[in-house]
Amino acid sequence: FSTFLFLATALVAEHAKSFLISEPLLIGVINNVKSEEVDSAVSTLQSAGFTSASFSLYDSTIDKLESMKNAKDIVCSKPNFYIGASTVTSKNQVELCYSYGAQFISTRYFSPQIIESTLSLSMVPLPGIKDIVEAHKAVDLGANWVKFYPASDIGVEGLKIIRKYLPSDIGIIVAGGVTPESMEQFWACGANGFAIGSTLFSKDLRLEDLKAKAYKFGLAFSKLRHAPA
């Protein structure tokens, strides 16, 4: 058993490493989706050009973790698609997410304990930050990515300041009210990726509506990634 655990940990660590050096990220934060529709939702995100799927633990934690584990099994053959958890609020949740196969842990706010716990389990932390002070604290703890949240409140000027004073090899994920139309201005100010939650997975969402929404985000993201420097 100890040998199996070591190999499993090594595999997660290697995948986490590839996540850290991957191309820009587009994360779909899955919420308001019935458990029997999660597989279809994840497949839709993949087809639309998303690089990752994250399961919000805002409620029904165990149900979401089971869905995350099943999704991980679905995408295991795709080395550049990642599965993680969002709205994580405690060290216990971090450990649960790890046991269910999470590759990254996203929070809405800056939490040293969650960053340290995530790194200790060879997962990638995406700590929520609202200013340059929190960003530097996260980097000092070992984070290679920070999540600029909520972007709709802080705005592009706040992102400009954070990007200016962060090392260039630290990625910035923009989250909170991002739309296909607003992605370009955040990208121009130094964003390296986006996490799309409520503007994609709204309440009473139908899968046919998700496909149309996801492809709009995917198209906008693709244009940004492949635009001339």
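The lining of the second largest pocket divides into eight nonpolar, 11 polar and three charged residues (Ala, Val, Leu, Ile, Met, Phe, Trp, Tyr, Cys and Pro count as nonpolar, Asp, Glu, Lys and Arg as charged, the others, Gly among them, as polar). The model is predicted; local features need pLDDT of at least 70, side-chain atom pairs pLDDT 80 or more, while totals for chains, interfaces and linings use all residues. Numbering runs from 1 along each chain as its sequence is written, and side-chain values use heavy atoms, without hydrogens and water.

The volume of this pocket is about 390 Å³. Of its 22 lining residues, Val29, Arg108, Tyr149, Gly197 and Ser198 are the closest to the centre. A pocket is an open set of points on a 1 Å grid where a 1.4 Å probe fits, with protein on both sides within 12 Å along at least five of seven lines; lining residues have an atom within 4 Å of a point.

Helix H2 (residues 38-48) and helix H9 (residues 207-225) cross at roughly 25°, their axes coming within 8 Å. H2 is therefore roughly parallel to H9 (angles under 35 degrees). The crossing is right-handed. Ser40, Ala41, Thr44, Ser47 and Ala48 of H2 meet Leu207, Leu210, Lys211, Ala214, Tyr215 and Gly218 of H9 (contact means heavy atoms within 4.5 Å). This contact has six nonpolar, four polar and one charged residues.

Helix H6 (residues 132-140) packs on helix H7 (residues 151-165) at about 40°, with axes 9 Å apart. Ile132, Ala135 and His136 of H6 contact Ile161, Ile162 and Tyr165 of H7. Five of these residues are nonpolar, one is polar and none is charged.

How values were computed
Axes are lines fitted to C-alpha atoms, for helices over the stretch in contact, and angles run from 0 to 180 degrees between N-to-C directions. Helices (H or I, at least four residues) and strands (E, at least two) are DSSP runs, numbered from the N terminus. Angles under 35 degrees count as roughly parallel, over 145 as roughly antiparallel, 65 to 115 as roughly perpendicular and the rest as oblique. A crossing is left-handed if the near helix is turned anticlockwise from the far one by less than a right angle, and right-handed if clockwise. Grid points are joined across faces, edges and corners, and a volume is the space filled by probe spheres set on the points.
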